[in-house]
Amino acid sequence: MTAQRVHTRRAGDPLVVVCAGGGGVGKTTTSAALALGLARQGRSTLIVTIDPARRLASAMGVALSDAVTTVPFAGTNGRLAALMPDPRRSMHAFVDQLFEGEPAARERLRDNRVYQGLADAAAGVHELVALNLVAAAASTGSFEVVVIDTAPSRQAIDFVTLPGRLAALLGGKTVAWLSGLATRSGEKDSTQARSGGLLAWGKGHLEHLIARAAGPYLVRDTAGLFIELALVRERFVHLTERASALLLGDRAAYVLVAAPTAAARDDVIFLAKRLEKLGRAPRALLMNRADTRPAPYVTALRSSANLSPALSDALDVLDEERKARGDSAAAMTRDLSRQLPSCPLIRLPFVEAYAAADVVHALSLELEAHHRALLPQ
Amino acid sequence: MVLVLGKGGVGKTTVAAGLAALDAETVGMSTLVEMGDGIAGRRALAGARKGVEHLVLQPDECLQRGATPIFGSAVLAKLALGNFAMKPLLRAAPAIRELAMLDAVRRAATERPGVRLVVDMPATGHSVAWLRIPKQGRALLGEGPLFDMCEQLSRELLAPGRVSLVVVTLPEPLVLEETLELCAQLTAETGLPVDRILVNRVPSAEDPAALVDARALAEKPGPLAEHAKTLASVLAARQAAAAAAADALAPLSREGRALWRLPLCPVDPSARDVARWLRAEGAP
């Protein structure tokens, strides 16, 4: 644990912007737009999506891969790179890295049924793996800024403390207890515990109950999993230390992304409280689809006398939608400035475009004025 | 019982609340089951609470209740779950919590015979993992009370005829592609067919004359030309979105999927709006 708390800053470490928010708020697009704008201004930038949206990846001309890929966006001169690891592959890649030079242990782990279940179900594992790729990319010294787009979930930022929690778990009493339990679970009765007095008997009885509830294989395979992982604990801690340092160091900033919906508001309030618990305050809150006034073209065209009925209907629809979004955004802004008074709120307009690349481009222009407010101080 | 599934941000909670509201309007009562803090469901149900019971399942409570019969008493269950080694283990092994939640859903259904339960499931990746748990659990556990719980779930909850799956999606090619993958995966891994795909936020096709007029106006020299050009690009983008949505839905129709379409709406729709739209689509 103590090793995790020391976040030594290294020369050449990039600035890190972590974007978090609920689902459907345009978080991935906004993160990509921020990275694009930074790259256009001459900073070499890496955009990392923990939960890659394939539409965006294909719009940006990037394949899902564990490798850093240059994004061919106009005006960036090769300074924009993306890392979009495939969640389905990452666990095995991580285990290979962890068990390098330990082929027998790695095989045992792969046969372990608890591990097999974990590999495609466990939340947080993919984040951990992606973070190690980020740490490796950052250590090359070729990036000034790393923008991380987290998974669309309230638990999305918990991953920053996961390395520490897992390392503690592997080094703690749980492993010892589990391996003891696995050995003893074959015995019908814990007679040896009974001789140690009432407390020991109670403990033995409870262990017996737990082992019985779980069934014989679960305890054995869980214990096996932890024992294998405990073997490589040092390497695990080492691998994850860099990632922790990047995310919890003073060169990292957290930006919340919302949209004018009640669900998005609740999500960012939840995330802000979570961040507070981690001792971090959100650097800023971005609200997408929150235009403040009618678009100039709508105003200009509406003031014209001789519009066709079809055109004036279309303008009415656009303006009604904008008003509905605006009213909702105004209500959310009031709520959020009351609930998160110290967090600057930046409203971004709704982008009326279809192609994902066009949306990213338009948003990147809107965000340019706010780079200073979003980057770590 | 209806399980509502789909990826994050597609409007699952609103749809689930709408289905529950529609049921309440039709047969007089229904139950909306939500996992977590219950805030999203309560908000989605605002104004449509009549006849709708809102049941909120919290992981820790479910775990405690599920463990009680296994350990023989609530006190022993509490002791076992609070064990110094079990606590971090339970945090690290998510499947246990999810199993307990599924079991709580099963119990809720048993306690409410004749009432339809609409379950707002967690986001896609997680919900497939959830529904796989009973089957995986049986393979992993071999025997014991947890094994029995998995068996009971497979028999009483995740069985064809007992539960109906509704998948919520968006009319975007890649989201739909993922949805079809999800349907295939659900059928292969749980043996449960997907009864209906609900396509949310379908953009309405506007009068194509508007785009033609805007383009014509953009051609005319004058102060409005530039603005008309912007409008034309906005309308073209909307038309492209509506056309892409229609195209994207074609494979679903080819596969003979039962579809419901809900319109795109600039702000949060209410459960009542959704119930009205569903009725217009021919539900229930």
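Tutor: Happy to; we will begin with the contact between the chains and then turn to the salt bridges. This is a predicted model, in which local features need pLDDT of at least 70 and side-chain atom pairs count only at pLDDT 80 or more, while totals for chains, interfaces and linings use all residues. Residues are numbered from 1 along each chain as its sequence is written, chains are lettered from A and ligands numbered from 1 in the order in which they are written, and side-chain values use heavy atoms, with hydrogens and water left out.

Let's start with the interface. On chain B, 57 residues are in contact with 57 residues of chain A (contact means heavy atoms within 4.5 Å). Together the two chains bury about 4,600 Å², and 71% of that is on carbon and sulfur atoms; buried area is the accessible area (1.4 Å probe) that two parts lose on being put together, summed over both.

Charged pairs also cross between the chains: there are three salt bridges between chain B and chain A, a salt bridge being a side-chain nitrogen of Lys or Arg within 4 Å of a carboxyl oxygen of Asp or Glu. Arg238(B) forms one with Glu321(A), with 2.9 Å between the closest N and O atoms. Helix H11 (residues 225-254) of chain B gives the largest share of the side that touches chain A, 11 residues. Helices here are DSSP runs (H or I, at least four residues), numbered from the N terminus.

In chain A, Arg265(A) and Asp266(A) pair at 3.2 Å, N to O, and both residues are buried (under 20% relative accessible area, with exposed over 50% and partly exposed in between; 1.4 Å probe, protein chains only).

In chain B, Glu25(B) meets Arg279(B) at 2.7 Å, N to O. Glu25(B) lies in helix H1 (residues 12-27) and Arg279(B) in helix H12 (residues 271-280), so this pair ties together parts that are 254 residues apart in sequence. Glu25(B) is partly exposed at 45% relative accessibility, and Arg279(B) is partly exposed at 42%.

Another pair in chain B is Glu111(B) with Arg65(B), their closest N and O atoms 3.8 Å apart. Because Glu111(B) sits in helix H6 (residues 95-111) and Arg65(B) in helix H3 (residues 59-71), the pair links parts 46 residues apart in sequence. Finally, salt bridges that share partners join Arg265(A), Asp266(A), Asp335(A), Arg338(A) and Arg43(B) into one network.

How values were computed: Helices (H or I, at least four residues) and strands (E, at least two) are DSSP runs, numbered from the N terminus.
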